[in-house]
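Dear colleague,

I am passing on the structure below, together with some notes on its charged side-chain pairs. Please read the notes alongside the coordinates.

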Amino acid sequence: MRVAVVGCGYWGAKHVRVLSNLPQVEQVVAVDPDRIRTAELQRSHPDLVTRGTVREAAPLFDAAVVATPPGSHAAVAGGLLNAGKHVLVEKPMATRVVDAERLITLAAGHGLTLMVGHTFEYNPAVAVLREAVRTGHLGRIRHIETARLNLGLFQRDVNVLWDLAPHDLSILGFLLGEQPDSVQAWGRPHVHPVLEDVVHLNLHYPTADVTAHVHVSWLDPCKVRRVSVVGTRRMAVYDDLLEEGRVQFHDKSATSVDPRGAEPVVYRDAGVDVPAVDWREPLEAEVAHFLECCATGRAPRSGGSSGLAVIRVLAAAERSLRRGAAVELREMAPAA
């Protein structure tokens with residue numbers, strides 16, 4: 001299959017690298033108006049074909065990865081679908097619910113694969129954590145906390161909510177198998193005049209009756225990529241920055257033996273277990289899955305409906321930021 005990467009910045013360059021090493025890819029086409037950028041990629045990948053626009057490149061590819069700035073995702077992906085191309089669009093799928101719905105309709109109407117780059121759903125360490133949640137290894141889940149922090153990279157067209165929170169929202173949905181029914185957001189811009197660079201989300205997942213807190217920031221001295229899951233029997237930590245032991249199960253808990261709260265809390269700590277993880281680069285697994293779906297017509301794991309679910313939560317969180325109050329997800333229901 002011939003695959004184009006539209007937008008060859010930081011993340012697009014990673015897609016070029018992965019695609020160039022997959023045997024099922026006949027040709028990789030880098031599409032970006034920045035000729036210096038594509039020339040640099042061509043030095044690392046001599047067989048890479050480069051073009052400045054999608055129109056120029058259109059006869060050369062069958063499927064495309066959209067890695068342009070987030071605000072352009074819906075327009076670029078929509079144009080590709082209308083041109084008869086399978087599309088893997090990076091997160092967020094769109095910046096409006098109505099645009100995400102339109103992409104799903106377009107893909108279905110043309111019989112094309114539409115997939116969203118929720119990379120952590122293809123991460124073997126996250127899969128181990130999901131298994132522990134689903135099998136009850138941690139007990140009943142009480143609370144989940146995620147943190148995605150760093151100094152930068154500041155975006156020009158979206159705030160930190162739309163830039164970083166899609167990762168954590170997709171992880172939460174993957175772990176719990178459901179979407180939240182409410183979200184409350186707090187955030188402020190400190191560097192840019194209007195785009196928030198620090199945002200906190202509180203979410204409630206109704207079936208599991210789990211609360212989750214998401215903290216995303218472009219304005220933190222430390223790089224943090226962590227998910228903590230607190231269960232009644234055990235607690236788990238997923239740290240994406242660790243080379244080894246990305247998932248750790250802490251055999252500890254806290255229990256109140258007195259329902260009135262009059263007696264002291266009882267603590268238990270029986271050590272830490274580090275499960276084995278059969279590692280494969282998540283981006284490689286994601287792209288390989290996309291190509292398989294294009295070839296077979298199989299529905300992608302993180303298809304358009306998955307992307308739409310995350311966009312609905314992001315849109316609700318954005319509304320909560322503006323209102324200063326919690327927003328019910330039913331307010332963001334798909335169009336009839």
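A search of the whole structure finds 17 salt bridges, a salt bridge being a side-chain nitrogen of Lys or Arg within 4 Å of a carboxyl oxygen of Asp or Glu. Please keep in mind that this is a predicted model, in which local features need pLDDT of at least 70 and side-chain atom pairs count only at pLDDT 80 or more, while totals for chains, interfaces and linings use all residues. Residues are numbered from 1 along each chain as its sequence is written, and side-chain values use heavy atoms, with hydrogens and water left out.

One of the pairs is Glu281 with Arg17, whose closest N and O atoms are 2.7 Å apart. Because Glu281 lies in the loop between strand S14 (265-273) and helix H8 (282-296) while Arg17 belongs to helix H1 (residues 10-20), this pair ties together parts that are 264 residues apart in sequence; helices (H or I, at least four residues) and strands (E, at least two) are DSSP runs, numbered from the N terminus.

Glu196 and Arg322 also form a salt bridge, again with closest N and O atoms 2.7 Å apart. This pair links distant parts of the chain, with Glu196 in the loop between strand S8 (182-188) and strand S9 (198-205) and Arg322 in helix H9 (residues 304-323), 126 residues apart. Glu196 is buried at 4% relative accessibility, whereas Arg322 is exposed at 51%, where buried means under 20% relative accessible area, exposed over 50% and partly exposed in between (1.4 Å probe, protein chains only). Glu196, Glu318 and Arg322 are linked in a network of salt bridges.

Best regards
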